[in-house]
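Subject: Structure handover and notes

Hello,

Please find the structure we discussed below. My notes come after it.

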Amino acid sequence: MGLLYSLLIGAITGWLAGKLMKGGGFGLLLNIIIGIIGGIVGNWLFATLGISLMHGLIGDILTGAIGASLILFIAGLFKK
């Protein structure tokens, strides 16, 4: 069940990050992968900074979307 939850949250956060970054999306599959990696990056970043967002589903989506947006921003720098 944890894998399904991660894929669902990854899909949502990858899609949301693609929308936030205005065209930074890479398609559904890569957005899911970026969303999952973004969740890991977001959790690490917020833990390092000592920031705690909301708990539960909404907190996971916000953390993943911020992390995925950061990844898309960095990827955009290398893309140009």
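Predicted model: local features only at pLDDT ≥ 70, side-chain atom pairs only at ≥ 80, totals over all residues.

Residues are numbered from 1 along each chain as its sequence is written, and side-chain values use heavy atoms, with hydrogens and water left out.

Overall fold

The protein chain has three helices and zero strands, and its pattern along the sequence is α-α-α. Helices (H or I, at least four residues) and strands (E, at least two) are DSSP runs, numbered from the N terminus. The C-alpha trace spans about 35 × 30 × 15 Å along its principal axes. The radius of gyration of the protein chain is 12 Å, which agrees with the value near 12 Å for a compact globule of 80 residues. That radius is taken over C-alpha atoms, and the globule rule is 2.2 Å times the number of residues to the power 0.38.

Of the contacts in the protein chain with a separation of 6 or more, 72% are between residues 24 or more positions apart. Contact means heavy atoms within 4.5 Å. Buried residues make up 30% of the 80 residues; buried is under 20% relative accessible area, exposed is over 50%, and partly exposed lies in between (1.4 Å probe, protein chains only).

Surface

The protein chain exposes about 5300 Å², and carbon and sulfur atoms supply 78% of this area. Accessible areas come from the Shrake-Rupley method with a 1.4 Å probe, and for residues only the protein chains shown count as cover. F26, L29, L30, I33 and I37 make a nonpolar surface patch of about 460 Å². Patches are made of residues with over 30% relative accessible area and no salt bridge; like charges are joined within 9 Å, and nonpolar side chains (Val, Leu, Ile, Met, Phe, Trp, Tyr) within 5 Å. A salt bridge is a side-chain nitrogen of Lys or Arg within 4 Å of a carboxyl oxygen of Asp or Glu. I33, one of the patch residues, is in helix α2 (residues 28-49) and counts as partly exposed because its relative accessibility is 40%.

Helix α3

The buried residues of α3 are G59, I61, T63, G64, A65, G67, A68, S69 and L72, and they pack against α1 (2-20) and α2.

The contacts given here and below leave aside neighbours within four places in sequence.

- I61 is buried because its relative accessible area is 16%. It touches I9, I12, T13 and L16. Its C-alpha atom is 18 Å from that of F73, twelve residues apart in sequence.
- T63, in helix α3 (residues 57-79), has a relative accessible area of 7% and is therefore buried. T63 is in contact with G38, G39, G42, N43, F46 and L53.
- S69 is buried at a relative accessible area of 11%. Its contacts are A17, L20 and M21.
- F73 is also placed in α3, but counts as partly exposed at 46% relative accessibility.

Helix α2

G35 is in contact with G10, T13, G14 and A68. From G35 to L8, 27 residues apart in sequence, the C-alpha distance is 9.4 Å.

I34 is found in helix α2 as well and counts as buried, at 12% relative accessibility. I34 is in contact with F26, A68, I71 and L72. The C-alpha atoms of I34 and L70 are 10 Å apart, and these two residues are 36 apart in sequence.

Regards
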